[in-house]
Amino acid sequence: MCTVCGCSDGATRIEGGEHRHDEGHDHAHQHSHAHGHDHGHDHHHYGQEPARAHAPGLSQARMVQIEQDILSKNDRYAAANRSWLATRGVLALNLVSSPGAGKTSLLTRTLEDLREEIPMSVIEGDQETTNDAERIRATGARAIQINTGKGCHLDAHQVGHALEHIDPEAGSVLFIENVGNLVCPAAFDLGEAHKVAILSVTEGEDKPIKYPDMFAAAGLLLLNKIDLLPHLDFDVSRCIEYARRINPGIQVLQVSARNGEGLDDWCRWLRLQREARQIGHAPTGSAA
C-alpha cells in the first residue's frame, strides 16, 4: 500500500487489457508501446509532499526516498508521453476536480458543441465502472476507460498504455478526465499540455487555499455550475482571489454545462490552445 496517499496496489483495468498490480512485489517489466517508448515500471502511487505514513521496518527518510523515486519514474513516462503527443500536434488536457464538480457533464457538452469542428478523444479515469466512458461515447467521441481499482489518480504509465489503445488523431484534442481528487493528481504529470481544474460553485470558495498544490499546478480554472449562483451563498470574487493568491498566472472562466453560459469562452480557449499546438507541424500532423 502507498505510504503517502493510501492507494492499494491492486489491478488497473484498461479497456482491451488488464494490468495487474501485485500486492507486495516491487517488479519491473517492459511494455512496448505503439507510440515508440518502452516503460520499465513499478506499480505504486505516491503523493507530492514528503511521506507522512508509518510502515513497519521503513524509516521516514527511506519512505521519502521511495516516494521521490516513484515520482521521478513517473516523470520519465510523462516526458515520453509528452514527446509522442507533441510530434503529432495533439493537445492533451488533464481535467481535474473533486467528485461531483461536473467534469463529465462539462466534457460531454464540450464534445457535443465542437464535434463538427475539432477531432477529439477521451481517456476516462475512475476507480470503477465504465459509466462515464459510455456517456462520452454517446456524444460520438472515442473514449477509453481506465479503472484504477483502489488507486486515487491516474499516472503517466497508465496514460501511456491508453494512448497505445486510443491512438488519438494527429492535430486533435485529447481530454484526460482524471479520478475525482484534488490531492494526488496534482503530483502526477501525465504528459499533458495543461491541467484544467474544475471547481463547482456548490463547493466552498476556499477550495484553492485548502488544496493549493492542485491550483498551483493548473493553467486554467473553470468555475462550473454558475447557473446555481442565485441559490447559493458563494463568493465568486473571493474564490478567484484565493486561486490567484496560490497561482497568480491562472486563467479563470465561469461556465455552466447546464445552460451553456460561458462555454463560448471555454471553446475559444480550446481553439487557441489547439492552434498554438499546430504551429510547426505538417497539416497531416504526422511524425517525422
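What share of the 288 residues of the protein chain counts as buried? In this predicted model, the answer is 52%, where buried means under 20% relative accessible area, exposed means over 50%, and partly exposed lies in between, with a 1.4 Å probe and protein chains only.

Before going further, a word on conventions. Because the model is predicted, local features need pLDDT of at least 70 and side-chain atom pairs count only at pLDDT 80 or more, while totals for chains, interfaces and linings use all residues. Residues are numbered from 1 along each chain as its sequence is written, and side-chain values use heavy atoms, with hydrogens and water left out.

The protein chain contains eight helices and 11 strands, taken as DSSP runs numbered from the N terminus, with helices being H or I over at least four residues and strands being E over at least two. Among contacts in the protein chain with a separation of 6 or more, 71% join residues 24 or more positions apart, a contact being heavy atoms within 4.5 Å. The chain exposes about 12600 Å², of which carbon and sulfur atoms supply 47%; accessible areas here come from the Shrake-Rupley method with a 1.4 Å probe, and for residues only the protein chains shown count as cover.

Let me turn to the charged pairs. Side chains of opposite charge can pair when their charged atoms come close. The structure holds nine salt bridges, each defined as a side-chain nitrogen of Lys or Arg within 4 Å of a carboxyl oxygen of Asp or Glu, and I will take you through some of them.

One of these joins Asp 189 to Arg 82, at 2.8 Å from N to O. This pair links distant parts of the chain, since Asp 189 sits in the loop between β8 (173-177) and β9 (194-200), whereas Arg 82 belongs to helix α1 (residues 60-87), 107 residues apart. Asp 189 is partly exposed, with a relative accessible area of 21%, and Arg 82 is also partly exposed, at 30% relative accessibility.

Next come pairs within a helix. Arg 245 and Glu 241 form a salt bridge at 3.1 Å, N to O, and because they are four residues apart in helix α7 (residues 236-246), about one helical turn separates them. Glu 241 counts as partly exposed, at 36% relative accessibility.

In helix α8 (residues 263-278), Arg 268 and Asp 265 lie three residues apart, about one turn of the helix, and their side chains meet in a salt bridge at 2.6 Å, N to O. Both partners are partly exposed, Arg 268 with a relative accessible area of 44% and Asp 265 at 38% relative accessibility.
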